[in-house]
Amino acid sequence: MKFRIFTEPQQGADYQTLRNVTLAAEELGFDAFFRSDHYLHMGGGSGLPGPTDSWATLAALAVETSRIRLGTLVTAATFRLPGPLAITVAQVDHMSGGRVELGLGTGWFEAEHAAYGIPFPPLGERFERLEEQLTIITGLWGTPEGQTFSFDGRHYRVSDSPGLPKPAQRPRPPVLLGGGGPRRTPRLAARFADEFNVPFRSVADSAAGFARVREACEAAGRYPASMTYSVAQTVCCGKDEAEFRRRAAAIGQEPAEAREHGLGGTPGEVVAKIAQFAEVGAERIYLQVLDLGDLDHLALIASDVVPQF
């Protein structure tokens, strides 16, 4: 089991805060630092000081870290054109020495699109755009130097592109897709993804999602074991009940809610819940950390949870 730290900066975090979390995660031995790609906070709170761009953040972190992997869970296909996104990711991959991973999704939060003037087409069109973006991005990265790439789709057209720059990782950075859709998402994962993620679902729902992707792989003629399977869960851990309750209060959760719908409780409880996900095939877990100022939380997980796996 690989343990990755996952943050939601749109809820209120500047670059310095994200830098502190990333450097702590690297020092503590976590496998990766991932962040969301959102431009508007959700739920209560102000979201101050305001949004930070995911790829601008990862570019800076790429040169401030040396080991930890970096990525998005997930970049919204509605936010960026596929050609420039391929260039950006390839550049950050070089800046990091080959440690970048691209999570890509349809985009779903309509309010943030309205707030910043970003078109928000219907879901069916968003899936079409996601498929075309995946085709273009992987096509640009995979085109041999000296050759060109062209694509004529319904939403995007690429003509005689040199497909440069190439990423540092070859054949390309890992591509992550995720979600709970029963048909389109598994099909796209089987075609394009190196990793499939089920975010914030129960153990049973995660197992069902993995099974659908395995079936889609088999239908596409792909060996299901060539896919990495992962989950994302909110974590709230305390060395004892009192510390757990204090951390739950700090992120606005009731203790029972944290236990039922995430990884909540003492280290033993968190270990037991993670073990259930491992039993249904999860190979990586993204720990959604909501209180980004509480670096002692990361240290507790690193010392009392991670070694159990």
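Modeller: Happy to. About 60 Å³ of space lies in the largest cavity, and please keep in mind that this is a predicted model. Rolling a probe the size of a water molecule over the atoms shows where empty space is left. With a cut-off of 30 Å³ or more, the count comes to one cavity.

To find the largest cavity on your screen, go to its lining: Val 235, Cys 236, Arg 247, Ala 250, Ile 251, Val 289, Leu 290, Asp 291, Asp 294 and His 297. Two elements, strand 10 (228-237) and helix 8 (241-250), each supply at least two residues of that lining. Sorted by class, the lining of the largest cavity holds six nonpolar, one polar and three charged residues.

Now for the open space. The largest pocket has a volume of about 1,100 Å³. It is lined by 46 residues, and the closest to its centre are Phe 6, Glu 8, His 38, Trp 108 and Phe 200. Several elements give two or more residues to this lining: strand 4 (75-76), strand 5 (100-105), helix 5 (123-142), strand 8 (175-178), helix 6 (184-192) and strand 9 (195-199). Strand 8 gives the most, with three residues. In the lining of the largest pocket, 20 residues are nonpolar, 22 are polar and four are charged.

Helix 5 and helix 6, both on that list of pocket elements, also pack against each other, at an angle of about 5° and with their axes 11 Å apart. Angles under 35 degrees count as roughly parallel, and that makes helix 5 roughly parallel to helix 6. On the helix 5 side, the contact is made by Leu 123, Gly 124, Phe 127, Leu 130, Glu 131, Leu 134, Thr 135 and Thr 138. Facing them from helix 6 are Arg 184, Thr 185, Arg 187, Leu 188, Arg 191 and Phe 192. The contact of helix 5 with helix 6 is made up of six nonpolar, four polar and four charged residues.

Helix 1 (residues 15-28) packs with helix 11 (residues 295-304) at an angle of about 20°, their axes 10 Å apart. These two helices are therefore roughly parallel to each other as well, and their crossing is right-handed. Here Asn 20, Val 21, Ala 24, Ala 25 and Leu 28 in helix 1 meet Leu 295, Leu 298, Ala 299 and Ala 302 in helix 11. By class, that contact has eight nonpolar residues, one polar and no charged.

Finally, the backbone. Most residues other than glycine have a negative phi, and most peptide bonds are trans. Against that background, look at the cis peptide bond that joins Leu 48 and Pro 49, with omega about 10°. Pro 49 sits in the loop between strand 2 (32-35) and helix 2 (54-64). A cis peptide bond also joins Leu 164 and Pro 165, where omega is about 0°. You will find Pro 165 in the loop between strand 7 (157-161) and strand 8, the strand that gives the most to the lining of the largest pocket. Strand 7 itself contains Asp 160, which has a positive phi of about 50° although it is not a glycine.

Terms used:
Residues are numbered from 1 along each chain as its sequence is written. This is a predicted model: local features need pLDDT of at least 70, side-chain atom pairs count only at pLDDT 80 or more; totals for chains, interfaces and linings use all residues. Side-chain values use heavy atoms; hydrogens and water are left out. On a 1 Å grid over the protein atoms alone, a cavity is a set of points where a 1.4 Å probe fits but cannot get out, and a pocket is an open set with protein on both sides within 12 Å along at least five of seven lines; lining residues have an atom within 4 Å of a point. Grid points are joined across faces, edges and corners, and a volume is the space filled by probe spheres set on the points. Helices (H or I, at least four residues) and strands (E, at least two) are DSSP runs, numbered from the N terminus. Ala, Val, Leu, Ile, Met, Phe, Trp, Tyr, Cys and Pro count as nonpolar, Asp, Glu, Lys and Arg as charged, and the others, Gly among them, as polar. Axes are lines fitted to C-alpha atoms, for helices over the stretch in contact, and angles run from 0 to 180 degrees between N-to-C directions. Angles under 35 degrees count as roughly parallel, over 145 as roughly antiparallel, 65 to 115 as roughly perpendicular and the rest as oblique. A crossing is left-handed if the near helix is turned anticlockwise from the far one by less than a right angle, and right-handed if clockwise. Contact means heavy atoms within 4.5 Å.
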